[in-house]
Amino acid sequence: MPTDRHVLIVNADDFGFTDGVNRGILEAHLAGTVTSASLMVNTPGFAGAVEALRRTPTMRVGLHANLTTGRPLSGALAVPSLVEAATGQLLPLRQLVWRAVSRRLVYREVYSEVQAQFARAVDEGIVLTHVDAHQHVHLLPVISAAVRDVATRFGVTRIRAPFESLVHRPWRVRATMVKVALRLADRGDAFANRASQQSVHVRGISLQGGGPFAERLRRELQSLPQGVTELIVHPGYVDATLASLDDYLAPREIERAALTSESITSLLRALPIRLATFATL
């Protein structure tokens with residue numbers, strides 16, 4: 001029987017990115033694997049995600065703050081430190097990281113945009129259970145403080161601390177490099193200290209990349225640490241809109257196929273794991 005020794009939140013990032021991503025996440029939820037999702041609100045699939053949530057009350061979501069794709073809700077003129085001057089588009093990841101570490105982001109502008117994204121979800125009647133960010137940019141200087149402060153204003157206490165152990169599957173070199181980069185991005189400010197005290201293990205960075213995903217997922221489920229684990233996944237269907245916005249494409253379909261397969265769903269039923277959401281912890 002499932003026990004509280006192993007509590008698992010399977011959280012699908014990028015809900016609301018595109019209709020194809022929404023469809024893949026919903027299929028995995030209905031299959032009984034994905035229990036929670038992180039919602040993007042300034043992307044093409046947002047309206048479809050809202051409609052899906054109204055039809056699927058079992059799906060609980062948090063905010064997936066997006067500061068690297070598309071346009072800001074606040075308007076480019078209101079947040080010049082977050083956008084490319086020539087296009088008004090949000091800065092791509094590398095440029096945002098450079099602007100953050102060189103202390104050229106303006107706190108009030110980041111706060112304004114994150115607040116606008118929270119408000120857009122809440123205005124649709126969505127109860128947010130947690131917050132994280134697309135490409136984990138909520139770890140960066142200034143952004144971390146703004147996310148923490150806006151989350152507090154909206155009564156959201158759970159902020160993802162995506163610090164998967166460096167010794168967890170270290171042979172996956174690219175994933176290990178990402179984990180090192182995330183630790184370097186964290187400057188040890190109040191956000192990181194608070195988030196790390198939430199005692200939620202994070203797994204999933206070592207899962208990404210397509211290939212034998214189902215087998216990696218199987219091993220992950222069979223070796224969960226005791227306590228609460230958030231397993232980050234990215235299921236979806238690749239559509240034309242996604243292909244124009246993102247470079248993580250074919251692996252999303254591989255993840256969806258694994259998360260909806262009988263082999264994984266039956267394994268979850270057999271293991272002594274209690275599936276949960278952030279709302280049911």
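Predicted model: local features only at pLDDT ≥ 70, side-chain atom pairs only at ≥ 80, totals over all residues.
Helix H8 passes helix H10 in a right-handed crossing.

**Packing of helix H8**

Two packed helices are described by the angle between their axes and the distance between the axes. The table gives these values for the two pairs that involve H8 (residues 213-222).

| Helix pair | Angle between axes | Distance between axes |
|---|---|---|
| H8 and H10 (residues 250-259) | roughly 55° | within 9 Å |
| H8 and H11 (residues 262-270) | about 0° | 11 Å |

For H8 and H10, the axes cross at roughly 55°. H8 is therefore oblique to H10. On the H8 side, the residues in contact are Phe 213, Ala 214 and Leu 217, and they meet Ile 254, Glu 255, Ala 258 and Leu 259 of H10.

For H8 and H11, the packing angle is about 0°. H8 is therefore roughly parallel to H11. Here H8 contributes Ala 214, Leu 217, Arg 218, Leu 221 and Gln 222, while H11 contributes Ser 263, Ile 264, Leu 267 and Leu 268.

**Strand E6 and its partners**

H8 also belongs to a right-handed β-α-β unit, together with strands E5 and E6. E5 (residues 200-203) runs parallel to E6 and is joined to it by four bridges. Within this pairing, Val 200 has Val 228 of E6 as its bridge partner.

Strand E1 (residues 6-15) is likewise parallel to E6, and seven bridges join the two. Leu 8 is placed opposite Thr 229 of E6.

E6 spans residues 227-233, and six of its seven residues are buried, so the strand is largely enclosed by the rest of the structure.

**Residues with positive phi**

Most residues other than glycine have a negative phi. Asp 14 is not a glycine, yet its phi is positive, at about 75°. Asp 14 lies in strand E1, the strand that pairs with E6. Its relative accessibility is 2%, so Asp 14 counts as buried.

Val 142, which is also not a glycine, has a positive phi near 75°. Val 142 is located in the loop between strand E4 (128-133) and helix H5 (143-153). With a relative accessible area of 17%, which is under the 20% cut-off, Val 142 is buried.

Terms used:
Residues numbered from 1 in each chain as written. Heavy atoms only, no water. Buried < 20%, exposed > 50% of the residue type's maximum accessible area, 1.4 Å probe, protein only. Pairing = 2+ DSSP bridges. Right-handed = clockwise from strand over helix to strand, strands pointing away. Axes fitted to C-alpha atoms, helices over the stretch in contact; angles between N-to-C directions. Parallel < 35°, antiparallel > 145°, perpendicular 65-115°, else oblique. Left-handed = near helix turned anticlockwise from the far one by under 90°. Contact = heavy atoms within 4.5 Å.
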